[in-house]
Amino acid sequence: TYRLKSEIEAYKEQLKYYIRYFYDVHLAGTPIEPGNSSPLDFVWDVFSTAMDYKNDGIYNFLGCGTRGGQKSLSCAVLEMLLMQHDSFRDLFHMASIKQQAYVTYDYFKKFYFKEKMKNVLPVEPTMRESNSHHGTKLIIGTATMDSVNSHHGSLIQDELELTPEKIFNESKGMLSAQRGKLPLNICISSRKFGFGNIQKLLDQSASDPTFPLKVHKWG
């Protein structure tokens, strides 16, 4: 069921202050021009879908922002939120290059060591596998043919524009429902080209009504 817009905005505002208090992160929340989104809008949309605060049947998300636009930070925030509150889904953060994977892992690890986050996870997180109290896990890795054939669950594709097309196509087989919940398919990228993986997602969404995609863009 859809909640009143004012109620949704109130929940999003609560999430903003939750992230500020526990993670010490200030996500940008004001679009710079009409038709744009923001990192906070993006995080709220994915998180509220995962937690069934809304049910619009859309589990595919694309966040396009500028370099330095809090894309990787937003994903690390999402991953910690889901590890804390989503007891259903395992996550694989698939960065296009190793350095990008380290960026997200560093963010995630800093959240874990915050004084206010003591005992939020049962053991210290690692890139290879971080576990939650629910029994779910997060893996932070890179886009290789081995990695896209070793995980089933939900997927966060980081800097998708730079992921080889063959690996991107293969990664679709990783998405798998778990414990009765549909998988999240989350992509982020700087928009570098008018062709490639991002353009294909946009084209597919425009031409195929069976592939609903929520697009958030900010700059």
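**Notebook: salt bridges and pockets**

I looked up Lys 200 first: with a relative accessible area of 40%, Lys 200 is partly exposed (buried is under 20% relative accessible area, exposed over 50%, partly exposed in between, with a 1.4 Å probe and protein chains only). I note that this is a predicted model, where local features need pLDDT of at least 70 and side-chain atom pairs count only at pLDDT 80 or more, while totals for chains, interfaces and linings use all residues. Residues are numbered from 1 along each chain as its sequence is written, and side-chain values use heavy atoms, with hydrogens and water left out.

**Entry: salt bridges**

I took a salt bridge as a side-chain nitrogen of Lys or Arg within 4 Å of a carboxyl oxygen of Asp or Glu. The count comes to 12 salt bridges.

Which residue does Lys 200 meet in a salt bridge? I found Glu 165, at 1.9 Å from N to O. The pair links distant parts of the chain, with Glu 165 in helix α5 (residues 165-171) and Lys 200 in helix α6 (residues 197-207), 35 residues apart (helices are DSSP runs of H or I, at least four residues; strands are runs of E, at least two; both are numbered from the N terminus). Glu 165 is partly exposed, at 39% relative accessibility.

I then looked up Asp 45, which forms a salt bridge with Lys 214, the closest N and O atoms being 3.1 Å apart. Here helix α2 holds Asp 45 and strand β7 (residues 214-218) holds Lys 214, 169 residues apart. Asp 45 counts as buried at 5% relative accessibility, whereas Lys 214 counts as partly exposed at 22%. Both belong to a network of salt bridges that also links Lys 54 and Asp 56.

Asp 86 and Arg 89 form a salt bridge too, with the closest N and O atoms 2.9 Å apart. Asp 86 is buried at 2%, and Arg 89 is buried at 3%.

**Entry: the largest pocket**

I used a 1 Å grid over the protein atoms alone; a pocket is an open set of points where a 1.4 Å probe fits, with protein on both sides within 12 Å along at least five of seven lines, and lining residues have an atom within 4 Å of a point.

How many residues line the largest pocket? I found 18, of which Gly 68, Lys 71, Ser 72, Gln 100 and Glu 159 lie nearest its centre. Helices α3 (71-85) and α4 (98-112) each supply at least two residues of this lining.
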